[in-house]
Amino acid sequence: MNNFEKRLFLDYLDKLLPSINTRDYDFDDLLDFFFREFKTSKKGFNFDTDGVIQLETIRQQNEFRKKFKITLKKLKDTIPYKKTSLENKLKIIKEIYNLEDDEYQTFIFLLIKNINNIFNLLDGCIKSNSFDKFAKHYLRIRLAQKDRVINKLYQRKLIISKNNDPIINSDILKIFDNTKFNNMDKITHMLVGKPQKSTLTLKDFSHIEKEANKAISIVKSAIEKKAKGINILLHGSVGCGKTEFSKLIANSISVPIYEVSTQDKHNEEAKREDRLADLCSKQYILSRSNNSCILFDEAEDVLNRGFGSNGTSSKGYMNKLLEQNPVPVIWTTNNIYDVDPAFLRRMTYAIEFEKLSEAVRLNIWNKVLKKNKLKVPKSKIEELNKSYDVSPSIISNAVQTTKMINGNYNDFEDLIENVARVVNKKKVVKKENKENKFTTYDINLVNTDMDMKDLTDKIQKSGKLNFSLCLYGEPGTGKSLYARYLADILGIEVILKRASDLISPYVGQTEQNIAEAFLEAKTKKAMLIFDEADTFLQDRNNAVRSWEVAQVNEMLTQMESAEFPFVCTTNLLDTLDEASLRRFTFKIKFDFLTAKQVNQAMEHFFNFKDINLNIKGLTAGDFATVKKKADFLNISDLKELTKMLSDEVKIKKSTELKNTIGF
């Protein structure tokens, strides 16, 4: 034992003596150690011939305690005072965590039992509830105060349990077990971990440049002015760079950022209270430097509704934490739907991360491939970027796996498709080829109740994009094709969503998918097309289930605020909710081709002029289908083509068709 431990041992013996059972065998062992270690005489104490102290009666016990206390006092006065390594480390811990005296003394008591077996022998003499007796006889505090002390130590993550026998955090024990942790900087570094570095630059987030500058300005000012309660919330789609952006905020102003751990002391998944304890610990430690911030990734772990400091419904603990944190915290979450509004109100600034545009994604593809030295032809990268709307994390993982198996860019694409299929819960992830520039599209081959040429010209000349179209009518009449044609004229991307893309069996997920579709269109400044829109805009008066109403309400809300073209196509106009119809800028009916248009289509698709063909119920889609079939079968005879067109009409169930063929 060094001099510090000796003084501490004597002090504990002195003050805890009233709670020690002097007749216990463990106490005999303790006395043996005491007289041997301190080389003091047993004279004056009642030992028998075998060296066993006689404490049979209450009187003998009282007399022993009086004499023993005198001996302890004399010994304490003889031990020279000289700071030891252990004491220096304890003082550093006290300063780092700003411990009050009762907290500091409690921490020493709990720690010393872990690092010196002799103190365990003393603890064994106290028997059950040793810490309660320590609090009562050594700290001279009541049990209520003892609970406060334990809570403080737990919040600082100095201990990992709050029961009657608190356990010191294993990370703290490492400091006292290893001689290399011998000063403030080394101990602090060990406790907070390595500062995080971003692999991206601000250029990678040019799509949110304004928001990025604002967040950086807030964090910088908060650090300079030592402001409390600064919280930045980053939320939105999975894999859009929220974590990297968090690091970038700090890196851009040369401030270290430390991440709250997602693992407990056993390297297992950390519970909510473990993560909060780690956050509080880092707050205490880093508040001394006034030059750092903290990243709390996957914040839904602690910000969800119904949680308090102990997992209860009380919000007071989290509210206080958000209001008084001395070090700025950047929180990230994929979903704010379940975050308690009380927590959201306490955020200083929030940034919504939307799905990345093709240009931004292309930049990320190139950067990740270059960093990992995976050679992929430029044309192939552009093709992959157009084909797969995937997050940066999927790209990065696929690159690393390809390198690991010594694969080529074909393996790389297979890996992208494989993982994206699981993440997006779809059998096919690769998007349709967008290179179709409608070289064969003829606007004259649509029969509508509005002049589509004139409408297209006026929309183009207006320069406005906040319009909506409801295109309704028989299948194959060119509704979706016109929408794509218009988008091509306007020079904007098309995002097509079918019912199968949006409908989910989970409550609330369909509404979220609808919201995300509009968000994607806003991010990419694209035209959003909902095919089979009657699925989502059915008349609410006919709804049977609450979620059917919720889906329509979500659609109406999103339509109201859409900033870019929104197009719905449907074959069932009569089933749509009236409120939705009022929200469309234009409602256009697409009908079967007129006799004149049928003959124009014959020339357009088959190069037959002036045929005077009169088949009612044909659409441009029918001609496209027959054209494909005829090319496959190498058919060019007019009679055969006419029969094939007539057959397309025969299978239609439209009530408008009665006499379907005529010449």
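Predicted model: local features only at pLDDT ≥ 70, side-chain atom pairs only at ≥ 80, totals over all residues.
Residues count from 1 along each chain as its sequence is written, and side-chain values use heavy atoms, leaving out hydrogens and water. Local features need pLDDT of at least 70, side-chain atom pairs count only at pLDDT 80 or more, and totals for chains, interfaces and linings use all residues.

User: What pLDDT does the protein average?
Analyst: pLDDT is the predictor's confidence in each residue, from 0 to 100. Here 91% of the residues score at least 70. The protein's average is 84.

User: Which element has the lowest mean pLDDT?
Analyst: Helices (H or I, at least four residues) and strands (E, at least two) are DSSP runs, numbered from the N terminus. Strand S3 (residues 293-296) has the highest mean, 96. The lowest, 77, belongs to helix H25.

User: Are H1 and H3 roughly parallel or antiparallel?
Analyst: Helix H1 (residues 3-16) packs with helix H3 (residues 58-78) at about 155°, axes 10 Å apart. Axes are lines fitted to C-alpha atoms, for helices over the stretch in contact, and angles run from 0 to 180 degrees between N-to-C directions. Angles under 35 degrees count as roughly parallel, over 145 as roughly antiparallel, 65 to 115 as roughly perpendicular and the rest as oblique. H1 and H3 are therefore roughly antiparallel.

User: Which residue does Asp11 meet in a salt bridge?
Analyst: A salt bridge puts a side-chain nitrogen of Lys or Arg within 4 Å of a carboxyl oxygen of Asp or Glu. Asp11 lies in helix H1, and its partner in helix H3 is 65 residues apart from it. At 3.5 Å, N to O, the partner is Lys76.
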